[in-house]
Amino acid sequence: MKIENIELRRVTLPLVSPFRTSFGTATERETTLVRVSTADAEGWAECAAEPDPLYSSEFLDGCDLVIRDHLVPRLQALGDRLTAERVATALAPVKGHPMSKAVLETAILDAQLKEVGVSFGGYLGAVSETVPAGVSVGIMDSLDELLDAVAGYLAEGYLRIKLKIEPGWDLVPVRAVRERFGDDILLQVDANTAYTLADARHLARLDPFDLLLMEQPMAEDDILGHAALAKLIKTPICLDESIESARDAAAAITLGACSIINVKPARVGGYLEARRIHDVAAAHGVPVWCGGMLETGIGRAANVALAALPNFVLPGDTSASNRYYEQDLTAPFVLEDGHLRVPTGPGIGVEVLPDVLADVTTATADIRF
């Protein structure tokens, strides 16, 4: 495959409602889209990094710089030997920057698969035509607002509710949701690293609510702390930010730091490493699910394909488009009996809407091969 051009396109889309986590509150989705052009195809991907380095050390302006000045030149050096499968090895000398690497690998893989007429799901090993959808519910200003939001999502058909929590917003909202909606709904919480091991006794007070899991309660580098916490609470621990590779997954599982893994392809460097994490977890009998980063339809299409692999047995954060956007960059993903349909067209299987793209674009830059 010979690449002719790589376009970096900055876009900003308003969210339908503010989304608050322990990191902060988002009112819009600003991201860099990467479009890879060959003689026969266009490949698309979106960068998961946020404008500020709060979720991780990566941030959008930094990603644009490292892509342009450090990653693309290494891909150019491969010449006609460039394939998606060679991207990770070619970029390995550049330390870190998994989200920057992921967006390049994904766009190249999309173009590559479009050239040969293979879908993302078919390439990755999807076994399902649809995937169960969960929804992530941000921290709210009041319990009434939270309960109204959860009621709305359940009415739409979402199969699992995830509540964002932080110190001061944990026991009370979880209790309120359980009391209002009962024990039958799949309910989990996500702390986004907001606690420490000193909070173990407090976190154990969530055990009676029969949560599906507690996601990333402590700092991403505190694997041993998570292993200790797992012995002190009954709620299963799921790691998110801590897992950046298949090697990390194997180590965390071996140390007893988690019994479930949230796989975010951008966080781990791309979909090929995400598939390896899936395989490692499956070999250890550890279930996985697909996390979300407020993706547009471009990133959502690839995530839904990944979530159709056999060990993705828990509903992910693969919500419908209208959970976040009034107007998506692609035809909207629509909830069907609590599920999203896996695209079957070549590559990510969705087309970018040019008029919408033009309206939300704030800057573009081309890198000629």
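**Terms put to the test**

Modeller: Start with a pair of side chains: Glu 46 and Arg 29 make a polar contact at 3.1 Å. This is a predicted model, where local features need pLDDT of at least 70 and side-chain atom pairs count only at pLDDT 80 or more, while totals for chains, interfaces and linings use all residues. Residues are numbered from 1 along each chain as its sequence is written, and side-chain values use heavy atoms, with hydrogens and water left out.

Biologist: What makes the pair Glu 46 and Thr 296 a polar contact?

Modeller: Their side chains are joined at 2.6 Å. The term asks for a pair of N or O atoms within 3.5 Å; within protein, one must be able to donate a hydrogen and the other to accept it, and residues adjacent in sequence count only if both atoms are side-chain atoms. The 2.6 Å pair therefore qualifies.

Biologist: Why is Glu 46 called buried?

Modeller: Its relative accessibility is 10%. Buried means under 20% relative accessible area, exposed over 50%, partly exposed in between (1.4 Å probe, protein chains only). So Glu 46 counts as buried.

Biologist: Which residues does Glu 46 touch, leaving out those up to four places away in sequence?

Modeller: Among them are Leu 33, Val 103, Ile 298 and Gly 299. Contact means heavy atoms within 4.5 Å. Glu 46 itself lies in strand E3, residues 42-46. Helices (H or I, at least four residues) and strands (E, at least two) are DSSP runs, numbered from the N terminus.

Biologist: What makes a group of residues a nonpolar core?

Modeller: Its members are buried Ala, Val, Leu, Ile, Met, Phe, Trp, Tyr and Cys residues, joined through side-chain atoms within 4.5 Å. The largest such core here has 124 residues, and Ile 6, Phe 120 and Val 137 are among those touching the most other members. Helix H3 (residues 98-116) gives the most to this core, with 8 residues. Another core, of 5 residues, lies apart from it and includes Leu 213 and Cys 238.

Biologist: How do you know that E6 and E7 pair?

Modeller: They share 5 bridges, in the parallel sense. Two strands pair if DSSP finds at least two bridges between them, so E6 and E7 pass.

Biologist: Why are E5 and E11 called edge strands?

Modeller: The open sheet has 7 strands in the order E5-E6-E7-E8-E9-E10-E11, with parallel pairing. Strand E5 (134-137) and strand E11 (288-290) each pair on one side only.
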